[in-house]
Structures are given as C-alpha cells and as structure tokens.
Amino acid sequence: QLPLPGSRLCLYEDGTELTESYFRALPPQTELVLLGPGESWRGCAGDIERLLAAFCSQQDAVVEAARRLLTDERAPHRQKLLADLIHNLSENILAEDKEDDKKWFEGLESRFKNKSSYLRHSCESRMRGYMREVSGFISNVHPAARDAYRGIIDLMADKLKSVKYNGCYFDRREEEEAARLCTAEGWFSCQGPFDRDDCPCKHSINPYSNRESRILFSTWNLDHIIEKKRAVVPELAEAVKTRDGREVNWEYFYQLLFTLDNLKLVHIACHKKTNHNLSCDKTRIYRKRKQTHEIS
C-alpha cells in the first residue's frame, strides 16, 4: 500500500539501503524494513532507543504492561521465552578451548581440554554402555549358541573401536559425519517421538553454549527406534540359536544398535518409554555365505 516513488528497502540490522544487485546477494532469512517516503531507519539500535525512552517517560505504563504480559493466559509461554532469553545471553558458543570458557568445564575432569573432546567422550560412553548390554545378554542365549554369540560381539566391538565408538555424532568439528544430528555450530534438535516427523515441542539445545546447557544435554536420550532391549538384542540371540548353518548378518544388528540408522536424539520428555511395537527386518537377519570356488 506504499507509493512506489520514494519508498526504500533497508536492512533491519543497520539500515543499509538495498540496491537490486545487493538484494539478490543477500542470504536467506535476512530481515528487511520497507520504508515509505520520508521515513527513516537506523537499524535495530533504534528499537533499543525507543524502548529506553518508553522506560524513562512512561515507566508506570511499562510496568503495568509487563504485569499484564506475565499474568494473562499466555503468561507461562512468555515466562519461558524470557527465561530462554536470559539463558541465551550467557552463551559462549564459539569458544572451544578450556581457557576460553572456564565456567563451561566446571565439574569435569581436568583431562578435558576442549568442549568437543568432552562431548565426544559422552557419546563414546553411551555406545560402550550399549555394548555392555549386548554382552550381558549372553546368559539368556541358548548354551549351544553362546560361542557364536560371543564371536558376533567381538566383531561388533572391533568395528566400534575402529570408528572410535561413533563419538563424532556429538563432535561439532566432525561436521560431515555428524550432519544428521547437529550443525557446525553444535545445535541439536529433538527428533522424537519416533512415530512423528519431528518433536511437537520443537526442543533444541546447544551443549557448547554454557555449563547449564552442557549438564541439561546429558539428560537427552539416544532413542532406539526399533528397541534395543525388547527387539534387537533378543532377535540377535534367536538368530544365532536358529541359524542352522546360515550366516547371521551381524552388521545389520550393528547398524540397529550403534548407528543413526536406528538412533534418534530426543529430549527426555519425548522419549517414548512404552513399547514401540517395531521389529527387525526378517529379510536382513541372515545373509548368504560367500562362496569359494576351487580352481583346478
């Protein structure tokens, strides 16, 4: 509804007026301001000036407006936004080394010298825990199949060691390998519940930002979509027992237990504790043995 003559398009950030060529070069999601004839914009600093002016000239009105904002039916949501704002102001996301963000490392062992090394260690610990659970299930395996089960455990353990227990999943410096879980800056988004496209509450966290986020992130879960205890491990034990000369496809079970093929990072509130009612792919439990041909 603005007249074309005299109207201008500016950057919200600093008020820079845009030419057509500059506009085409802007990155996606850039915030813009459309100005009519005679209007001016000096950037987001102008918003701050107006806010401070309101505090000075209309203090009672501002206090009353704030009180209404925090007492009506949407108050809980607004309180969360304010808490998030205060929390985010204390972030030091880009700092990586201990000397650049000493508070982040409070309570951790002195051997951790940078944030990525601790987050990588955290992921490795989870994977080692999964491996212990698989190994501990051997008492439930048929006695005649336990040696074969141990052999598969050894193969899985060797593969895990070769990839350093998949610690790259939480290491922001391993961007390409970890891209399905996080960005280079270290943001993680909740991917549960497993039967929806994404988290309905839009949980997200950056454990690299501050000590509180690092601690909170430890409560997030790597949720097995096809459940480890209810489905994957029992199916592996049964496959070893009933293989009848067939070769168990241990790499398929490895993918289900230890990789992002079957793991989703979820906020603790979105971790579905009840039965997922999903089972292993029966067509992938065994694989054909490699045939060797004798050359005469």
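This is a predicted model: local features need pLDDT of at least 70, side-chain atom pairs count only at pLDDT 80 or more; totals for chains, interfaces and linings use all residues.

Let me begin with helix α5, which runs over residues 115-136. It has 22 residues and reaches 32 Å from its first C-alpha to its last, close to the 32 Å expected at 1.5 Å a residue. Its N-terminal end is capped by N114, which places a side-chain oxygen 3.4 Å from the backbone nitrogen of S116.

Next, the core. Which residues touch the most other members of the largest nonpolar core? They are Y149, M156, F253 and F258, out of 56 residues in that core. The elements giving two or more residues to this core are α5, α6 (146-162), α9 (228-241), α10 (250-258) and β7 (263-266).

Take F253 by itself. Leaving aside neighbours within four places in sequence, F253 is in contact with M156, V232, E235, L236, A239, V248, C280 and I285. So that you have it in one place, M156 is on this list and is also among the residues touching the most other core members.

Now the rings. The count comes to eight aromatic pairs. One of them is F112 with Y118: the ring centres are 5.2 Å apart and the planes sit at 85 degrees, so this pair is edge-to-face. F112 and Y118 are both buried. They also belong to one aromatic cluster, together with W104 and F105.

A second pair is Y254 with F258, which is tilted, at 5.4 Å centre to centre and 50 degrees between the planes. Both residues lie in helix α10, four residues apart, about one turn of the helix. Y254 and F258 are buried as well.

Two arginines go with rings. R128 lies over the face of Y165, at 3.9 Å from the ring centre. R246 has its charged end over the ring of Y286, 3.8 Å from the centre.

Last, the backbone. N166, in the loop between α6 and α7 (175-178), has a positive phi, near 55 degrees, and is not a glycine. D244 is another non-glycine residue with a positive phi, near 50 degrees, and lies in the loop between α9 and β6 (247-248).

Are these two buried or exposed? N166 has 7% relative accessibility, which is under 20%, so it counts as buried. D244 has 73%, which is over 50%, so it counts as exposed.

That is the end of my list.

Note on methods. Residues are numbered from 1 along each chain as its sequence is written. Side-chain values use heavy atoms; hydrogens and water are left out. The expected span of a helix is 1.5 Å times one less than its number of residues. A polar contact is a pair of N or O atoms within 3.5 Å; within protein, one must be able to donate a hydrogen and the other to accept it, and residues adjacent in sequence count only if both atoms are side-chain atoms. A nonpolar core is a set of buried Ala, Val, Leu, Ile, Met, Phe, Trp, Tyr and Cys residues joined through side-chain atoms within 4.5 Å. Buried means under 20% relative accessible area, exposed over 50%, partly exposed in between (1.4 Å probe, protein chains only). Contact means heavy atoms within 4.5 Å. Rings of Phe, Tyr and Trp (its six-membered ring) pair if their centres lie within 6.5 Å; planes under 30 degrees apart count as stacked, over 60 as edge-to-face and the rest as tilted. A charge sits over a ring if NZ of Lys or CZ of Arg is within 6 Å of the ring centre and within 35 degrees of the ring normal.
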